[in-house]
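Please read the following report alongside the sequence and the model.

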Amino acid sequence: MSEDLKKSPMDRRKFFRTCGAILAGGSVLGTVGAVASKLKVSGADVFWQIDPFTCTQCGRCETDCILPVSAVKCFHANKVCGYCDLCGGYYRPSVKDLNTAAENLMCPTGAITRKFVEEPYFEYTIDEDLCNGCGKCVKGCTSFGNGSLFLQVQQDLCLKCNECNIAKVCPADAIKRVSQDEAYMLKDHA
Amino acid sequence: MKQKIYRNIAIVTAIFMLVVAIMLGFSYYQMQKVSPLQTDVMETLKQMNESQSDNSELQQQIRELDLIARKAYFVQEHQLKTGTMILIGMAVALCICLNLYYKETKNLPEKDMDPIDDWMAKSKARKYIQWGAVGLMLAGVAYLVLSNVSLGSKDGSTPEEELLAEAGGDEAAVAAAGDSIAVEEVDSVQTADEASDSLPIPKLTYNAFRGNNSSASSAARNIPTSWDLKAKKNVLWQSAIPKHGYNSPVVNGRNVYLTGADNSARELYCFDVYTGELKWTAKADKISGSPSTMPKVNADTGLAASTVATNGKQVCAIFATGDVLCVDTEGKRLWAKNLGLPDNHYGYASSLLIYGNELIIQYQNNSNAKIMALNVANGNQMWSISPKDKIAWSSPIIATLGGKPALVVMGNPAVAAYNPSNGAELWRVDCMSGEVGSSPASSGGVVFAASEYAKCIAIDGASGETLWEVSDYLPECSSLAATSNLVFCATSYGMVCAYDAKTGEVKKEHDLSTPFYSSPVIVEGKVYLFSNSGKAYVFSASDFSLLNAFETGEKTFATPAFTDEMMIVRTDKSLYCVKKG
Amino acid sequence: MIVARFPKPDFSSGYEYPDIVHPAPYEQLWNWIDIFLLVALMGVVAWAAHKKHSRAAIVGVSLFSLAYFGFYRSGCVCSVGSIQNVVLALTDSGYQLPLYVLLLFVLPIIFTMIFGRVFCAGVCPLGALQEIVNVRNFRMSRAVTSALSVIPWIYLAFTILYAATRSQFLICKFDPFIGIFRLGGDVGMIVFGVLLLLLSIFVGRPFCRFLCPYGALLSIFGSLSWKKVEVTRKECINCTLCHMACPVDAIRPPYANKVKEDRLAGVKRIVMYAVLLPVVTALCALLIGSGSDALSRAHKDVYLYDLIQQVEANPEMDIPLEVETFNGLGRNVEDLRTEVEAIQHDYKVYSYLIGALIGLVLSVKLIKLSTKRTRKTYEIDDANCLACGKCFNYCPQEIKKK
């Protein structure tokens, strides 16, 4: 004990540092251990995706994504819809002439196109480059039609922010972290 | 020399960057502000186009504007992108120049270095930290104290304010009760002079399920006691109703209101009381929050079981989706909202009631059983209470109890009275059980309530004291009607009876062997009642003797509506008007 | 779940559904490339700082990391932000922490324990960006910088609070440089980032020193690292050049401890702070703990409940979208209230915890600032040294060697 005291201050400091290092190392190991034991730390990555069944098409996907044009796009479940000529997602609610003039279409960017298949069916295609994720067509479709149009995060555009900016403001809490195998929540399969 | 060049390049780049940054900022601000693709102008123009008949000029204008907007959007986007790139490039240049400029002048001590007094610095740092921490803590404490003080003062002032408000409200209510109950049948008739023909606007109103205040009575006179639908005897008109519904018609002025719904649409109809012509249809669609999937409902309840309510200016309807729609007498939507999908295994069925400027909704579902009042003018909630009651399908009434109007609600397990202006509970009697679908009645300050799975009870309206209880015959869907002497009751197993209002003793009973869902209404000393099969019964209201009974030929589940010399009956598929002549 | 208002089509013309393939997310491979590069770059910095004594290699790493981690991979998930994922994983059993995020969190710490803060030197894109733009140092008063170094700890404390209560990722929300890496995002934060960058032209690493919570964490491990960064292995000639060069003021000049103060007074001060430590800790815990209800409004559900209360109290107000959606989805206010109560309880617990943490940090800082130390030569303060290597190019002994 008395020998310890006689040691030079440098040695004493070194001794404290060693103790500190052991302590810090221990605490890191402890934290890692706690995390590891509390979790099956999964090798899989997580992605953000919209649950189309809870989505209320509030329009915030368009405005709140950190990308200049939102990574949220409109998808169309071909097998779900009846393709009527007067489509609530394609035309504005009180449309007069069923043509593609600006005053008649629901989509503000003209991203939805359709092709006549056979009476009375149409095939709808969405140009993802034009779609800005505003969800107007989805709202129209869910209110008047089968709900075959729905919003999804397009995964190759999504930057996978650590916390999704849209999820923070989504009033319906429809945006969740999902695993790779359910990177899309499509209505076709539901 | 070289240094100077670097310095000058750096300065020029910095100035350029500043200019570009300002421009970019401005451009961004503009883009944020106008968001070219969704200008209000565009939306207004589109709406104008929709409300007008073909206006090719306007359409042309929209198309041009749309094109310009898109161009502007892409040009601006392009500008923003290029600007950012230029900015980054310049930043790199600036960094390089600055580095080169300072390269030779390393961070050398320009003059003899001041020896840093380590201890002095530490002491100062300690001081800063201490003061900073104390300052932050004080700020925190001040914030906490202030927020608590404001809370405290709020708490302190509320009781007095509430008392004042209550007193004021009650006075007003008493004053109103004095004249409104006497003249209410006349005063709220719409005065709009819309009658193109010379027919008078009926003066009597029948504003809700079972009449004004849901009182199960009407002051109508000269109502026939027999009619024949096929021979059109004593029948003024008969019209088809577009969509099915179990709700009952209400009448105000020349308008008869009722609703119908199926999985594709929910609609409020207005018929002309003299002609039976469908004047307009208001759709309860595009209501934000409205479920896209229709809730599962029992076929006996349907999506439109709730009767509408009106006050002569506004007409309000509610559907099993939880959608509330309010329109004016022309059918123009004033407001609409969704109250949240009712968790109801049969389907939401309680009817609406308007009291003053309040639309009262008994919203008692499996989860979240509430009674609420919305401002009938704008749909904003005025008050809402969540009494400890379970699901019920009963409808509220306004009764005069102890000289004041009171909201009487029959739920499970309580029959309770509330102050209709703020929802404050006046009394509560736990006496019901099972599925409560029947609605209460009131006469002479006494509340009568009965339900098949419980009992029939009479409650003193002033004290909330139980006067008597019996369980001889009990209604399931049909509601009670009461005079000062008798309480009328129709059951779903074919028995109808009249209880003594004072004792509960059965004064008279009839075994009619046909189920009743429709409710009895007291008119002109007579009780009108329809069986499900469509048989009409007319009883004397003084001794409950059967005056007349005959088949109308159409299934009837709704309760009829009465106005000047006319009775409006909704059958399974149609609506008809009974009038002498 | 799907409403079938209209029947599904039945084609007679033999129409086939188009085959739509939705683009798959980024390959997971990238995550592992990130981890590999993280280790490799930290290794390079360690080699450059300890063995080679070369600044050039570290600048090279900075440029690469800025280009790759910053601009190409656009910054997410980073080691700084991974604190939140780890905290969230510890408190939220529903959240699965991806392995590579855990590695992002742990690897820099392990490297720091061995080689000092080599991660901060230039592997972290946030640090690299500030490092690259820094051209000259105008030294700030040591007293002020020491006092300001408390801020990262407070930031860290609140980050833990908000991540543990599943409210928000504060670090991500207030990341000043992510907007620059992505060339877009929240304008306010981009402006803040640009201002920080302008500042870092003349003041070394303002974000790392006065804000970065991960840096605060690493400073502990840095001061305890096994191998210390040295300006030169040769004898120090006390020329003060390295001290002038250091962008983060981590080189302490020689100091003859000639304080006039009585030794006993100094000991008394330390003892006082040591005694005050539990008091300050308790005080801070109490203070923040009692403010937990106000803090809890950062949680979406608490905020929503608050809005609902407001709407009920004031029916005239416009119904906010959140409340409208809440009603529209038929959610139950009572359920929400129980949920909110649970959240507020969580907040209470964690607020006490982080309050205690803040109090502890303050006290320890004060105790550290009360110690007197004599130095004969220029010494590196390992807690603050970011291993950027700037001093190597200044030291005459090193230059001579080359």
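## Cores, a covered helix and a chain contact

A121(C) touches V45(C), A49(C), I58(C), L386(C), A387(C) and C388(C), leaving aside residues up to four places away in sequence, where contact means that two C-beta atoms, placed from the backbone, lie within 7 Å. The model is predicted, so local features need pLDDT of at least 70 and side-chain atom pairs count only at pLDDT 80 or more, while totals for chains, interfaces and linings use all residues. Residues are numbered from 1 along each chain as its sequence is written, and chains are lettered from A and ligands numbered from 1 in the order in which they are written.

A121(C) is also, with V45(C), V118(C) and C242(C), among the residues that touch the most other members of the largest nonpolar core, which has 155 residues. Such a core is a set of buried Ala, Val, Leu, Ile, Met, Phe, Trp, Tyr and Cys residues joined through C-beta atoms within 7 Å; a residue is buried if 20 or more other C-beta atoms lie within 10 Å of its own, exposed if 12 or fewer, and partly exposed in between. Helix α4 (residues 99–115) of chain C supplies the largest share of this core, ten residues; helices (H or I, at least four residues) and strands (E, at least two) are DSSP runs numbered from the N terminus.

| Core | Residues | Members, among them |
|---|---|---|
| Largest | 155 residues | V45(C), V118(C), A121(C), C242(C) |

Chain C as a whole has 20 helices and two strands, and 48% of its 402 residues count as buried. Of its contacts with a separation of 6 or more, 82% are between residues 24 or more positions apart.

In chain A, helix α4 (residues 136–144) is mostly covered, with nine of its nine residues buried. What covers them includes β2 (72–76), β3 (112–118) and β5 (149–153) of chain A.

The contact between chains A and C takes 54 residues from chain A and 51 residues from chain C. On the side of chain A, α2(A) gives the most, with ten residues, and the residues of that side divide into 28 nonpolar, 14 polar and twelve charged. P23(C), which lies in the segment before α1 (29–52) of chain C, touches Q154(A), Q155(A) and D156(A). P23(C) counts as exposed because 12 other C-beta atoms lie within 10 Å.

Key:
Ala, Val, Leu, Ile, Met, Phe, Trp, Tyr, Cys and Pro count as nonpolar, Asp, Glu, Lys and Arg as charged, and the others, Gly among them, as polar.
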